[in-house]
Amino acid sequence: MGVLPNKMLHGTAQRLTETFAALLAALLVIVMLGGLAWTPPAQAEDELNCVLCHKFRGLSRIDENGRFRLFYINENLFMKGPHKRIMCMDCHRDIKKIPHDPAEKVDCTVECHLTEPSGKQNFTHAPVKEILDASVHSRYDKEGNLKDHQEDYPGCKDCHEQPLYRPLSFFKGKSAGISRRGLSRCKTCHQTGDFAEDFYSHVTSRLQKTRESREIVEVCAKCHADPAFRERHELDDVVTSYKETFHGKAVTFGSDETADCLDCHVVYGESVHSIESHTEPTASTYKNNIAATCRNEECHVNAGEGIASYQVHTDYSNAEKYPMQYYMLKFFQGLMAAVLYFFVIIIFLELLRRLFPNFSFIKEKPTDATSVLQNSSAEKGV
Ligand code: HEC
Ligand code: HEC
Ligand code: HEC
Ligand code: HEC
Ligand code: HEC
Ligand code: HEC
């Protein structure tokens, strides 16, 4: 039988907004009806005990914009992610009391209470923001003025959800050193608590891409595949053209070895957040750098300069930008049609002949032989 702690039911009633009160009541009913036993959260560093309420799957509502919002936090999943040691309130800073008011948006670049070991300073994602602000995805232009269409520029949450730690063996099958067995070696020395598990999964999951190439393409497609977005920024339909190439097809069918958007648009070895326009001389896709990008040690290592002439984002319907490809396509479409229709006509005529073997446009007179036969049978009176 679930009971909410007393301090939450006393003294604060006046301060509850109406919706909140209603929701709280609903929640209480769920708790009572469900007979769900309240167990203190196992390990989340959660001073105000946020999961007390947020562990209920039904905690949701339709917001002002008609969007379904789920406020349920799966603590199990949360504890498998990199933020597990961060308190809810470290990110949701405006929530200081329970019950709480509507929450403000989380700022991903604030400092948290964790110390990053190499620099021994409080950890923050601010350096990522600096890189992002220097990239083509920055909301500011080179003069520091706000660009047009602010809502089109990606913030952290447009590309990221709470990730999970995944052991290397999850993807690559079990091999020496990166499996349970590998973990057991850490445990030989680091025996206390979850220390070994934590650092093992921290390191192994950082050694691989968090997302499959296919997911990366989806992230970029959210904006770059949207026709209205492309028109606002005068950009080509790069997602469609990419998907028509070998790279795109292989990735669509599940390959992780083939180039996705990031492999080409990030200078090899740099942060994935540093994407630049191909008109910038420092960009990986700038005309003089393309060959080097293709030749990085994981891709076309031995390719010559000529590889740079390969056009990745060919738009076959754009005669101005890609005249060669446009007219080639038209030529082959014509050729195909000609060959196809030629044989279709032949087959049709052949079919006619089979269905009507004796049909002819020329009315022939009966030959002598047939008239003799007809005459003789008539004479016999058959
Ligand atoms: C007494 C139960 C309760 C507790 C404890 C609680 N919440 Fe909530 N929380 C709710 C309810 C109910 C909602 C949905 C409110 C609504 O419909 O807007 C909610 C909504 C939220 C939202 C989304 C609100 C928005 O406007 O976007 C956030 C974020 C949130 N809670 C964070 C927290 C954090 C962090 C804590 C711990 C410090 C916490 N909550 C503790 C009941 C609770
Ligand atoms: C690393 C930072 C971080 C931590 C730690 C964190 N959150 Fe959040 N939370 C976010 C972000 C970012 C969002 C997205 C909405 C926003 O931008 O505010 C969010 C959204 C939410 C929402 C609303 C979902 C919605 O659809 O609007 C709830 C509820 C919530 N968090 C509860 C919690 C609870 C409970 C905890 C502790 C177990 C927690 N959060 C810990 C960053 C965090
Ligand atoms: C345009 C999309 C995009 C935006 C915007 C973005 N990221 Fe990323 N971020 C990525 C991708 C893609 C990865 C690569 C990791 C993966 O495989 O998913 C990544 C990786 C990371 C990593 C892991 C380190 C690494 O290189 O693997 C962190 C931390 C991170 N991002 C934080 C942020 C923060 C903080 C912001 C906001 C200031 C932000 N990101 C904005 C796409 C984005
Ligand atoms: C032979 C014993 C031994 C094994 C096996 C071992 N460690 Fe360690 N580890 C240590 C010792 C001793 C230290 C502290 C000394 C130092 O800082 O060099 C340490 C330090 C660390 C630290 C740094 C802690 C800090 O706060 O500075 C991490 C992280 C770590 N080990 C993770 C691992 C992981 C993960 C594995 C398994 C892949 C592992 N260790 C295997 C003995 C071991
Ligand atoms: C939230 C929307 C959004 C997402 C998600 C997004 N972008 Fe962008 N992207 C933009 C905007 C806005 C521009 C700027 C266009 C301009 O300069 O007007 C842009 C520009 C670019 C450019 C430069 C185009 C040029 O002018 O040469 C490249 C390259 C690019 N993005 C790649 C990516 C990749 C790769 C991803 C996925 C990791 C991605 N984008 C995800 C919004 C987005
Ligand atoms: C094989 C390498 C490669 C891959 C994969 C790739 N690109 Fe490109 N991309 C380029 C090159 C090179 C250019 C510049 C020359 C050009 O337009 O062909 C470019 C140009 C662009 C532009 C600017 C187009 C314009 O209108 O000026 C955008 C935006 C873009 N890419 C986004 C993406 C996205 C999103 C993906 C993934 C769906 C992707 N690219 C995949 C190499 C690549």
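## Terms and model

Ala, Val, Leu, Ile, Met, Phe, Trp, Tyr, Cys and Pro count as nonpolar, Asp, Glu, Lys and Arg as charged, and the others, Gly among them, as polar. This is a predicted model, in which local features need pLDDT of at least 70, side-chain atom pairs count only at pLDDT 80 or more, and totals for chains, interfaces and linings use all residues. Residues are numbered from 1 along each chain as its sequence is written, while chains are lettered from A and ligands numbered from 1 in the order in which they are written.

## Ligand 6

Ligand 6 is surrounded by 20 residues (C-beta atom, placed from the backbone, within 6 Å of the molecule). The closest are Cys220, Asp236, Cys261, Cys264 and His278. Two or more residues of this shell come from each of α10, α12 (238-244) and α14 (helices are DSSP runs of H or I, at least four residues, numbered from the N terminus). The shell holds 11 nonpolar, 7 polar and 2 charged residues.

## Ligand 5

Around ligand 5 there are 21 residues. Pro154, Cys220, Cys223, Cys261 and Ser277 are the closest. At least two residues each come from α6 (156-159), α10 (213-224) and α14 (261-265). Helix α10 gives the most, with 6 residues. By class, 12 are nonpolar, 6 polar and 3 charged.

## Histidine 300

Histidine 300 sits in the loop between α15 (290-294) and α16 (323-355). Leaving aside neighbours within four places in sequence, histidine 300 is in contact with Cys294, Arg295 and Ile307 (C-beta atoms, placed from the backbone, within 7 Å).

How values were computed:
Two residues are in contact if their C-beta atoms, placed from the backbone, lie within 7 Å.
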